[in-house]
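Welcome! Have a look at the structure below, and then we will walk through some of its features together.

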Amino acid sequence: MTSPEPVESRTQTRTQGRSAQTATLAEIAREAGVSAPTVSKVLNGRADVAPGTRARVEDLLRAHGYRRRRAEATRSPLIDLVFHELESAWALEVIRGVENVARDAGLSVVLSESAGRLTPGRTWADQVAARRPHGVILVLSGLDESQRALLTSRAIPFVVIDPAGDPGADVPSIGATNWQGGLAATRHLVELGHRRIGAISGPTQMMCSRARVDGYRAALETAGLPVDPGLIAGGDFHHEAGYRLGLELLRRPDRPTAVFAGNDLQALGLYEAARELGLRIPEDLSVVGFDDLPVAPLVGPPLTTVRQPLTEMAEAAAKLVLDLGREAGTPAATRVELATSLVVRSSTAAPADG
């Protein structure tokens with residue numbers, strides 16, 4: 001007589017014949033040629049499984065669409081927060097927002113970094129599966145198909161903040177109105193009378209960066225001004241890029257009288273380049289950033305910038321990932337964009353020759 005099948009091994013649906021949702025752990029174990037406890041070890045992220053065996057079991061779990069019930073998953077009091085890179089004041093605002101929600105929910109936050117990669121490594125996914133957090137929040141990053149399947153099979157919800165690429169219609173995400181922000185920043189410069197307006201973008205593979213530059217282009221075109229590709233420099237959202245590309249733009253014989261720097265860190269690098277070349281802000285050069293980091297009103301002169309509600313975005317992502325982990329069902333909105341707004345300070349003025 002066979003032993004009763006463990007409750008943990010049952011999937012969510014048992015009424016559709018031999019569909020992909022009806023496979024039990026015992027059946028998956030038979031197909032993989034391993035024992036049911038081995039399949040359980042893979043599900044639980046245990047390290048004592050050979051890599052080849054783990055890959056074979058994961059493939060079968062994914063093929064059968066196996067999902068562990070939320071109620072059956074024993075969760076750790078954690079939220080995993082994954083950054084594309086951590087060396088930024090921008091990251092501190094996101095951490096603050098997630099911590100606000102986690103603290104109220106009695107949870108702790110685990111930080112990790114994907115070292116500049118747009119998807120975390122496989123080792124990270126296994127570690128998350130072993131931790132069984134309440135959810136995962138990824139910043140300017142994403143998951144590949146196998147990682148998504150791994151978290152889904154463990155009933156670990158995930159949300160992406162400012163996804164680097166198109167996350168897919170079924171991936172919950174929180175963003176900001178980046179296109180509108182780029183439009184507002186550039187329109188402000190146009191309304192001041194600037195006609196040669198440069199831009200320092202972020203990484204071209206990031207959706208938020210492309211959207212900001214698209215907004216910049218739209219503002220110029222709407223004003224009847226030409227879009228000069230020579231005035232658009234490809235940056236990486238770091239201070240050094242703002243400095244280096246700022247020097248290139250400002251050394252041009254037909255230099256711009258204003259620059260939309262794409263983010264505040266690049267704007268601060270542009271400040272340094274202008275000082276090195278003896279240009280005054282805003283008398284000789286107007287500068288607009290993006291983010292409105294805490295340092296923006298403190299620099300000299302205080303920076304005009306587009307406020308991106310970073311803390312609020314992080315709070316919304318944390319609330320969404322916790323909602324997704326509850327039994328009540330999927331929240332009504334899983335793709336959210338929060339509004340940006342232009343904050344005018346002292347780094348912008350009419351051009352000297354205007």
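This is a predicted model: local features need pLDDT of at least 70, side-chain atom pairs count only at pLDDT 80 or more; totals for chains, interfaces and linings use all residues.

## A pocket to start from

What kinds of residues make up the lining of the second largest pocket? By class, there are 11 nonpolar, 6 polar and 6 charged residues. Helix H4 (residues 89–104) and helix H8 (207–222) each supply at least two residues of that lining.

Most residues other than glycine have a negative phi.

Now turn to strand S1 (residues 78–83). Is this strand largely enclosed or exposed, and why? It is largely enclosed by the rest of the structure, because 6 of its 6 residues are buried. Both faces are covered: Leu78, Asp80 and Val82 are buried on one side, and Ile79, Leu81 and Phe83 are buried on the other.

S1 has partners to meet, too. It pairs with strand S2 (residues 108–113) in the parallel sense over 6 bridges, and Ser108 in S2 is the bridge partner of Leu78. Together with helix H4, S1 and S2 make a right-handed β-α-β unit. S1 also runs parallel to strand S3 (residues 135–139), joined to it by 5 bridges; there, Leu81 has Ile137 as its bridge partner.

## An aromatic pair

How many aromatic pairs does a search of the whole structure find? The search finds 1. The pair is formed by Phe260 and Phe290, with 6.4 Å centre to centre and 50° between the planes, and it is tilted. It links distant parts of the chain, since Phe260 is in strand S8 (residues 258–260) and Phe290 is in strand S9 (residues 286–291), 30 residues apart. Both Phe260 and Phe290 are buried.

## Around strands S9 and S10

Phe290 also leads us to another strand, for it stands opposite Val306 in S10. S9 and S10 (residues 304–307) run parallel and are joined by 4 bridges. On S10 there is also an antiparallel pairing, with 3 bridges to strand S12 (residues 341–343). In that pairing, Thr305 has Val343 in S12 as its bridge partner.

The loop between S9 and S10 holds Asp292, whose phi is near 60°, a positive value in a residue other than glycine. With 19% relative accessibility, Asp292 counts as buried, because the cut-off is under 20%. Pro301 is also placed in the loop between S9 and S10, and the peptide bond from Gly300 to Pro301 is cis, with omega near -5°.

Another cis peptide bond runs from Ile281 to Pro282, with omega near 10°. Pro282 lies in the loop between helix H10 (264–276) and S9. Most peptide bonds are trans.

## Far in sequence

Finally, find Ser173 in strand S5 (residues 173–176). Ser173 and Ala317 are 144 residues apart in sequence and 7.3 Å apart in space, C-alpha to C-alpha. Ser173 counts as buried because its relative accessibility is 6%.

Key: Residues are numbered from 1 along each chain as its sequence is written. Side-chain values use heavy atoms; hydrogens and water are left out. Buried means under 20% relative accessible area, exposed over 50%, partly exposed in between (1.4 Å probe, protein chains only). Two strands pair if DSSP finds at least two bridges between them. A crossover is right-handed if, with the strands pointing away from the viewer, the path from the first strand over the helix to the second runs clockwise. Ala, Val, Leu, Ile, Met, Phe, Trp, Tyr, Cys and Pro count as nonpolar, Asp, Glu, Lys and Arg as charged, and the others, Gly among them, as polar. Rings of Phe, Tyr and Trp (its six-membered ring) pair if their centres lie within 6.5 Å; planes under 30 degrees apart count as stacked, over 60 as edge-to-face and the rest as tilted.
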